[in-house]
Amino acid sequence: MSKRELGRSGIQVPLLTFGGNVFGWTIDQSTSFSVLDALLEHQLNFIDTADVYSRWAEGNQGGESETIIGNWLKKSGKRDKIVLATKVGMEMGDGQKGLSPSYIRQSVENSLKRLQTDYIDLYQAHKDDEDTPLADTLATFDELIKEGKVRAIGGSNYSATRFAEALKVSKEQSLARYETLQPEYNLYDRKDYESGLEKVVTDNDVGVINYYSLASGFLSGKYRSKEDATKSKRGGGVVEKYLNDRGHKIIQALDEISEKHRASPTQVSLAWLIARPSITAPIVSATSLKQLEDLSLATKLKLDKGDIEALDKASAWK
């Protein structure tokens, strides 16, 4: 499989990132192990998680995803076969959140322990912390890199202005810089990324690993009528947000191009993202080996200029 570099980090990753939020949430440890094994078989060895995954699920407290990945690493002995990304900053309960130096220090040790590894390939600020000076946060990340606990750093959920400011601080103070950005971006949700963030990342050679790549499943073609809201727990919200005139145009274009290439709407949606010059490796998740197979085929689908123009037109936001 083709590889791409995460910014200027020297770290090479496949064309898709696997989102580890499902581990310990929608799939148990046994199924998670099967999915992790299959990921390597498909050469999809870039796994993204976070300390907070999956605190939102009943009975969970956060750290479940990292713990499962760590157990798999211990059992399989394949730490050197994967590129491992995790995050810090989201609310973990009892006021534990943010990007202060002391909290980052505490959190990275907790993540390393749960992951049962002595280094993290990509450590990301899960969201901006305006209460902590950017220089303080970046200096702490810089120290972690020098100590060998982290190879590269990234940011998630930053505005274009704040992300550009973070890059400027790193340059001016000779600190490690964010090599990646993790924004929401897909064929439907284009405006926020394309209207500001995209220029910042392209001007600075920053890698992009976007989340909600399939718009919560809408771009798989699963939701085509109001009745389809019952197909999943999140179906109601998906139908309410995406099932409108623009959404129908996007699904129609996906159907036509899918038929042309004998591919699924999921594969076409991901191939469109992979073909966009500023995108490094879209984040996707699967809860079964069948879903994983469908996702992996997207890396082999090459859309032509006409396909991309048709999808751009159907999903135009300007």
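**Figure 1. The whole fold of the predicted model.** This is a predicted model, in which local features need pLDDT of at least 70 and side-chain atom pairs count only at pLDDT 80 or more, while totals for chains, interfaces and linings use all residues. Residues are numbered from 1 along each chain as its sequence is written, and side-chain values use heavy atoms, with hydrogens and water left out. Eleven helices and ten strands make up the secondary structure of the protein; these are DSSP runs numbered from the N terminus, with helices (H or I) of at least four residues and strands (E) of at least two. The radius of gyration is 19 Å, close to the 20 Å that the globule rule gives for 318 residues, so the protein is as compact as a globular protein of that length. That radius is taken over C-alpha atoms, and the rule is 2.2 Å times the number of residues to the power 0.38. The C-alpha trace spans about 50 × 45 × 35 Å along its principal axes.

**Figure 2. The nonpolar cores.** A nonpolar core here is a set of buried Ala, Val, Leu, Ile, Met, Phe, Trp, Tyr and Cys residues joined through side-chain atoms within 4.5 Å. Buried means under 20% relative accessible area, exposed over 50%, and partly exposed in between (1.4 Å probe, protein chains only). The largest core has 90 residues, and Phe-23, Tyr-123, Phe-141, Phe-163, Tyr-178, Phe-218 and Leu-311 touch the most other members. Helix H9 (residues 265–275) gives this core its largest share, six residues. Apart from it lies another core of twelve residues, among them Val-13, Phe-46, Ala-85 and Leu-122. In soluble globular proteins, nonpolar side chains tend to be buried together.

**Figure 3. Around Phe-163.** Contact means heavy atoms within 4.5 Å. Beyond its neighbours within four places in sequence, Phe-163 is in contact with Gly-155, Tyr-158, Tyr-178, Thr-180, Leu-181, Val-200, Val-201 and Val-206.

**Figure 4. Leu-6 in its loop.** Look for Leu-6 in the loop between strand S1 (4–5) and strand S2 (12–13). Leu-6 counts as buried, at 1% relative accessibility. Leaving aside neighbours within four places in sequence, its contacts include Val-13, Phe-46 and Leu-122, as well as Glu-179, Thr-180 and Thr-280.

**Figure 5. Ser-111 in helix H3.** Ser-111 lies in helix H3 (residues 101–115) and is buried, with 0% relative accessibility. Not counting residues up to four places away in sequence, Ser-111 touches Asp-51, Glu-66, Thr-86 and Ile-120.

**Figure 6. A cis peptide bond.** The bond from Tyr-53 to Ser-54 is cis, with omega near -5°. Ser-54 belongs to the loop between strand S4 (46–48) and helix H2 (64–76).

Figure 7. Asp-94 sits in the loop between strand S5 (83–88) and H3, and has a positive phi of about 55° although it is not a glycine. Ser-174 likewise has a positive phi of about 55° without being a glycine. The loop between helix H5 (160–172) and strand S8 (178–182) holds Ser-174, which counts as exposed at 62% relative accessibility.
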